[in-house]
Amino acid sequence: MAASQAANIVEKVVGHNDNATVTTDVSNYNKGAYGQETGEKIKATTWQGKNSVQIVEMPKPRVVDEGDVIVKVTGSTICGSDLHLYHGVIPQLEKGDVLGHEFCGVVESVGPTVKKVKAGDRVVAAFPIACGECRNCKEQLTSACERTNENSITNAMYGKRTAGMFGYSHFTGGFAGGQAEYVRVPYGDVNLLQLPADVPDEKGLYLSDVLATAYHCVVDTGVKKGDVVAIWGGGPIGQMAAEYSFSQGATRVILIDGGEGAWRLDFVTSKIPKLETIDFSNLPRGESITSQLKKIVPGGPDVALECAAGEYAKGWAHYFEMLLGMETDTSEILNEMITAVRPFGRIGVTGVYAGYTNHFNIGALMQTGIRFIGNGQAPVQKYWEHLLELIRRQEINPLDMVTHRVSLENMPELYAAFEGRDKGMQKVYVQTRFSSPPAEGSPQLTEL
């Protein structure tokens with residue numbers, strides 16, 4: 001919290017760079033001239049401090065830049081990445097910022113230069129905000145767009161920036177998110193995908209992040225025919241990464257989870273019966289994840305995929321180092337992966353890591369020839385048309401992840417439940433007052 005506030009102060013003193021070609025830091029329609037002066041108010045989920053979110057009323061967003069699109073939200077969700085914000089781990093959150101980076105809806109209005117989408121279109125938004133014209137966007141690396149995030153601290157820390165992102169702090173451009181009734185979408189022609197009539201919101205919504213992120217993790221790390229794959233993290237990303245690994249030709253996939261999330265091993269296996277599992281909280285005495293994997297896969301798996309994130313320390317050393325601000329992320333899972341895979345194996349890191357870590361086993365990485373790949377934030381726009389077609393052909397079913405449907409008004413309770421890894425809660429569909437009734441196969445409404 002203190003570090004985040006300090007970062008905001010530093011950013012204001014240093015100032016932004018001037019690379020952005022879109023208006024940034026529109027994270028709260030109550031501030032500045034970014035909301036409509038008159039008319040209806042909207043409800044939005046806002047960050048109020050560590051482990052605190054509230055539903056507040058604020059002005060409806062308006063078109064600010066010529067390429068903006070205003071979307072009436074019909075579906076949103078919560079992601080494990082949102083918990084990093086909830087905990088105050090991601091720098092430069094401000095009280096009142098609107099959260100949520102995954103949403104779908106109906107186009108209500110468009111700016112004068114918008115050509116591809118029009119009022120009335122059903123659309124899903126990509127969580128990274130891209131311009132479509134810079135060098136990285138032209139190479140379909142939209143999550144590294146050079147023109148939608150002018151944050152100076154991000155540039156100083158990483159030597160480059162991510163694209164702007166919805167609902168993910170001023171560190172990523174400061175854009176209001178989609179856990180709300182309306183959203184302003186910059187460069188709407190680039191960042192919105194039209195949904196066909198045969199794909200309901202409950203399936204199309206997840207093209208915004210989870211489906212593309214899991215797919216990117218698998219293909220970017222290079223999972224191929226004959227591979228044995230180990231996946232750390234049994235949440236929705238891990239679940240879909242397992243499914244995609246098999247579709248890429250993996251012969252075996254081993255899912256690792258435990259503790260409060262151990263129930264997810266059985267849940268995912270119920271959807272993917274050939275999956276193998278390891279419960280890290282129920283290992284034989286003297287055993288580790290590495291030793292268990294070496295026993296069941298002689299020599300170790302070919303590929304390890306990190307779908308958990310670096311916020312959750314297992315041991316006391318990392319717990320206190322993170323508590324004292326000596327590191328932002330734990331290296332424990334990364335070290336398990338390095339020692340578990342076979343020599344010259346591949347590691348893909350798609351779980352969120354914010355900054356620095358200690359005790360990283362770089363010697364093992366170098367000496368055994370491990371290919372260590374930071375997958376980065378997924379360039380959603382690169383994959384979403386292909387994944388939409390897989391949904392239409394029923395080759396993937398996003399509803400396999402979805403266990404709950406709740407109302408936007410229940411977001412504070414949902415954050416608490418999601419943080420606690422409440423048994424049976426995998427992926428959630430969040431409805432607004434504009435949502436259609438549940439589609440066939442979708443969960444019914446639950447009051448939290």
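These notes look at aromatic rings in the structure above.

1. This is a predicted model, in which local features need pLDDT of at least 70 and side-chain atom pairs count only at pLDDT 80 or more, while totals for chains, interfaces and linings use all residues. Residues are numbered from 1 along each chain as its sequence is written, and side-chain values use heavy atoms, with hydrogens and water left out.

2. Rings of Phe, Tyr and Trp (its six-membered ring) pair if their centres lie within 6.5 Å, and planes under 30 degrees apart count as stacked, over 60 as edge-to-face and the rest as tilted; by this rule there are 8 aromatic pairs. One of them joins phenylalanine 103 and phenylalanine 166 edge-to-face, at 5.1 Å centre to centre and with 85° between the planes. Phenylalanine 103 is in strand β4, whereas phenylalanine 166 is in the loop between β7 and β8, 63 residues apart, with strands (E, at least two residues) taken as DSSP runs numbered from the N terminus.

3. Phenylalanine 103 is buried, at a relative accessible area of 0%, and phenylalanine 166 is buried at 0% as well, where buried means under 20%, exposed over 50% and partly exposed in between (1.4 Å probe, protein chains only).

4. Tyrosine 182 and phenylalanine 434 also form an edge-to-face pair, at 5.5 Å centre to centre and 75° between the planes. Tyrosine 182 is buried at 2% relative accessibility, but phenylalanine 434 is partly exposed at 22%.

5. Lysine 72 lies over the face of phenylalanine 434, at 5.2 Å from the ring centre; such a contact needs NZ of Lys or CZ of Arg within 6 Å of the ring centre and within 35 degrees of the ring normal.

Key:
Helix = DSSP H or I, 4+ residues; strand = E, 2+ residues; numbered from the N terminus.
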